[in-house]
Amino acid sequence: MTTSIPLPLTQFVVKMHSRCDLACDHCYVYEHADSSWRSRPKVIADGILAKAAERIGEHAAVHRLPAVRVVLHGGEPLLAGPDRLRRAAEALRAALPAGCSLDLRIHTNGVLLSREFCALFAESDIKVGISLDGDKAANDRHRRFADGRSSHPQVLRAVALLNEPEYRHLFAGLLCTMDVDNDPVAVYRALAELRPPAVDFLLPHATWDEPPKRPAALGATPYADWLLTVHRLWETDGRPFAVRTFESVHRTLRGLSSLTESLGLEPSDLAVLETDGTFEQADSLKTAYDGAPATGMNVFAHSIDDLARHPGIVARQSGLAGLSEACRACSVVRSCGGGLYAHRYRSDDGAGSFDHPSVYCGDLMTFVNGLAGSAASVTVPAQAGADPLSGTLTPAQLDELAAGYGSADTIAALGRSQLALTRAMLAAAWDASGQGRAEAWALLAELDAAAPAAVDAVFAHPYARAWAARRLAGDLPVGLGPLAALAAAAAVRAGRGDAVAVPVRGGWLHLPTLGRIAMPDGEAVVTGRADGFEVRAADGSVHTVLDEPLRRVRLAGGWTVVLEDTDPLRDSHDHPVADRLSNGELLNWTGALREAWELLGRDLPGYADGIRAGLSTVTPLRPGPAGRDISSAARQAYGAVGIARPATAPTLALLLAHEFQHVKLGAVLDLTDLYDRTDTTLYFAPWRPDPRPLEGLLQGTYAHLAVTEYWGTRTLAYDGLPGGAADRAREQFALWRRYTAEAVERLSASGALTGTGVRFADGMRATVTPWLAVPLPAAAEQAADRVRRERAGV
Ligand code: SF4
């Protein structure tokens with residue numbers, strides 16, 4: 001046995017039971033080439049489970065894995081019974097080393113799912129995936145009992161159980177095996193109605209020996225057409241649930257990793273344990289030939305490192321180099337990856353091999369190109385050839401951000417990538433809205449070639465993308481007025497004499513990044529001139545000045561920030577926005593921002609350059625009840641923060657720093673996955689009573705890095721000095737350094753962080769740890785303890 005260090009395996013499928021209570025005729029376990037199930041014990045023995053847990057724990061320790069995923073599988077795993085499933089969960093948890101978390105799941109047909117099982121899954125933290133092929137007709141095409149009865153009612157009952165509030169957090173999603181004879185619209189609608197957190201659409205397993213059915217009436221690429229139809233519905237609905245197949249193509253088109261083994265070039269890290277203790281390769285290989293998944297290894301004689309060195313597993317880890325010549329030369333290979341390994345098999349080339357494109361090659365190419373085409377159509381033409389990765393972060397920049405900071409160059413890189421994303425989203429919104437206002441879109445395309453700075457300026461406006469995101473999510477009407485307004489603002493900025501019609505609503509014509517003009521509702525024609533603009537209103541009146549121009553505050557160092565109080569889309573912050581600022585209020589804001597900026601330079605010097613490079617817009621919000629501080633960063637409005645002007649400049653400085661952390665992290669999350677987006681677990685942040693999804697905990701932790709540093713700097717500035725302000729700084733520092741450190745550990749222990757996410761959490765930890773060693777008076781620690789106890793309700 002070779003002693004080379006293998007790539008670690010992090011996903012394990014454990015067969016709990018080798019038989020099934022359904023007799024689906026498309027099942028790869030019983031109906032395809034491999035027949036090994038016949039000789040296997042029905043149920044896995046406790047001794048095998050214990051040894052498997054030990055092997056996985058040992059592998060996690062040797063490779064210092066932060067998390068492993070184990071899927072309890074079958075046959076039908078519920079046939080193993082609740083006691084054995086409980087023992088499996090206990091054995092696995094007990095065997096993992098400290099610092100390695102377990103993502104434990106079960107994939108079931110749902111027929112036997114009961115409250116007893118759900119209670120066990122809640123107690124043992126086991127997420128549940130259910131197989132369901134769509135509406136009743138689609139499901140009943142294959143998923144029946146041996147006597148021909150439909151399984152549909154039982155499966156719907158299982159999904160309803162998982163949708164009960166008590167169990168909803170256990171619901172991992174639905175697995176839908178496609179059949180091109182099923183109506184994709186009916187399938188999509190039926191699945192969406194069940195409110196799943198995720199749906200996997202799976203191609204039926206097939207090889208060149210046993211090709212998939214292709215009804216003549218459905219054309220040459222029926223599987224691609226089916227998926228593209230579902231994709232269109234999913235986009236139109238605003239992506240109501242995660243779909244790994246679609247997201248993987250979207251991601252790989254942007255140079256990111258795939259989320260599924262069946263697409264992309266990521267190395268496979270999965271192994272299977274059968275009920276008799278033998279190790280196998282991916283289950284899908286059962287479709288290739290009898291014995292195809294076999295490794296000749298078992299849990300008693302072989303370690304998982306031994307298994308990871310098996311040639312079959314290594315073959316699925318060699319990326320581009322492991323593909324057929326045709327795939328290596330293919331234009332979509334980075335997204336397709338040659339398709340699922342099993343689907344490449346053909347026996348008529350001598351010994352039989354996987355050195356072929358997928359049997360779904362034509363469908364995969366059409367599907368990837370279809371999604372790439374929709375991405376290209378969403379790009380303003382002159383930018384179509386631009387490098388979409390031009391804004392990608394280097395590892396050093398990511399580390400810089402992970403530590404909480406971010407230089408001007410790093411924030412500029414984030415800004416470039418955000419601009420590229422805004423372009424794509426605007427065009428997707430245009431597409432999803434029926435490609436209306438074609439003259440406005442054409443003008444944007446033309447200006448993008450002739451006056452790109454003008455187009456970039458309006459596309460960089462934070463609420464341009466906010467509109468696209470809200471439109472795509474279905475939160476706004478289909479109208480394309482905001483897009484026409486962007487074209488008009490670009491035309492004004494370009495000053496070339498271009499004209500465009502813009503709808504006027506609510507008595508104002510709004511020109512993003514410029515301001516607004518009062519006029520009657522209707523259609524106005526905006527013409528950009530070299531010396532300004534001319535707007536002809538619906539009533540024939542002509543306007544050449546803005547009634548309410550956007551106002552900028554010039555700050556020390558010569559940079560400016562917009563006080564956005566005219567854009568109707570500024571209401572993207574989940575808090576009511578302030579009306580147009582009076583002159584007096586404008587003066588108050590100007591003074592407060594200037595003072596806050598000076599404080600940021602003094603108290604958060606590591607953050608100030610990044611804020612200056614990325615903060616373009618402050619949107620005044622309405623004050624909170626009883627003077628409570630209100631601030632917000634909208635996930636889809638890069639560069640903007642919403643703030644109700646607080647009573648003091650130091651508080652404004654703190655709110656600006658806090659919210660800009662959210663802005664930065666949102667942009668990082670658009671570029672790279674820091675956590676598993678399919679994770680549905682809720683996590684408690686130490687400072688909040690309510691649990692939140694992982695991104696909420698991550699965002700809060702990242703924001704409080706800046707908050708902690710702010711109070712730490714002020715604590716050091718007050719060193720030895722008495723007084724209320726000094727005491728408050730020490731108490732706040734004592735409180736937030738502990739909260740932030742605890743939150744970093746919760747993130748690390750979540751098991752939901754990706755490798756990059758683990759590195760990001762390590763970066764945050766490296767910043768917060770030295771603060772914990774700063775000596776503070778006992779009174780400050782006691783005050784922090786008091787607050788923690790009060791918030792914890794003890
Ligand atoms: S589309 Fe076909 S040739 Fe291209 S990578 Fe996929 S399977 Fe290979």
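**Ligand shell, cores and spaces in a predicted model**

The shell around the ligand splits into eight nonpolar residues, two polar ones and no charged ones (nonpolar covers Ala, Val, Leu, Ile, Met, Phe, Trp, Tyr, Cys and Pro; charged covers Asp, Glu, Lys and Arg; the others, Gly among them, are polar). Around the ligand sit Cys327, Cys330, Val332, Val333, Cys336, Gly338, Pro357, Ser358, Cys361 and Met365, where being near takes a heavy atom within 4 Å. At least two residues of this shell come from each of helix H12 (333-336) and helix H13 (361-377); helices (H or I, at least four residues) and strands (E, at least two) are DSSP runs, numbered from the N terminus.

A word on the basis: this is a predicted model, in which local features need pLDDT of at least 70 and side-chain atom pairs count only at pLDDT 80 or more, while totals for chains, interfaces and linings use all residues. Residues are numbered from 1 along each chain as its sequence is written, and side-chain values use heavy atoms, with hydrogens and water left out.

In soluble globular proteins, nonpolar side chains tend to be buried together. Here, the largest nonpolar core has 91 residues, and Leu113, Phe121 and Phe201 have the most contacts inside it. Helix H7 (residues 222-236) gives the most to this core, namely eight residues. Such a core is a set of buried Ala, Val, Leu, Ile, Met, Phe, Trp, Tyr and Cys residues joined through side-chain atoms within 4.5 Å; buried means under 20% relative accessible area, exposed over 50%, and partly exposed in between (1.4 Å probe, protein chains only). Setting aside neighbours within four places in sequence, Phe121 is in contact (heavy atoms within 4.5 Å) with Leu78, Leu85, Ile106, Leu113, Ile126, Val128 and Leu170. A second, separate core has 80 residues, among them Tyr683, Leu694, Phe733 and Ala741.

Most residues other than glycine have a negative phi, and most peptide bonds are trans. Gly74 and Gly75, however, are joined by a cis peptide bond with omega of about 25 degrees. Thr513 has a positive phi of about 75 degrees and is buried, at 11% relative accessible area. Asp574 also has a positive phi, near 65 degrees, but is exposed at 76%. Asp574 lies in the loop between S18 and H20, and Pro576 is found in the loop between strand S18 (559-563) and helix H20 (583-603). Pro576 is partly exposed, at 49%, and touches Leu621 and Arg622, not counting residues up to four places away in sequence.
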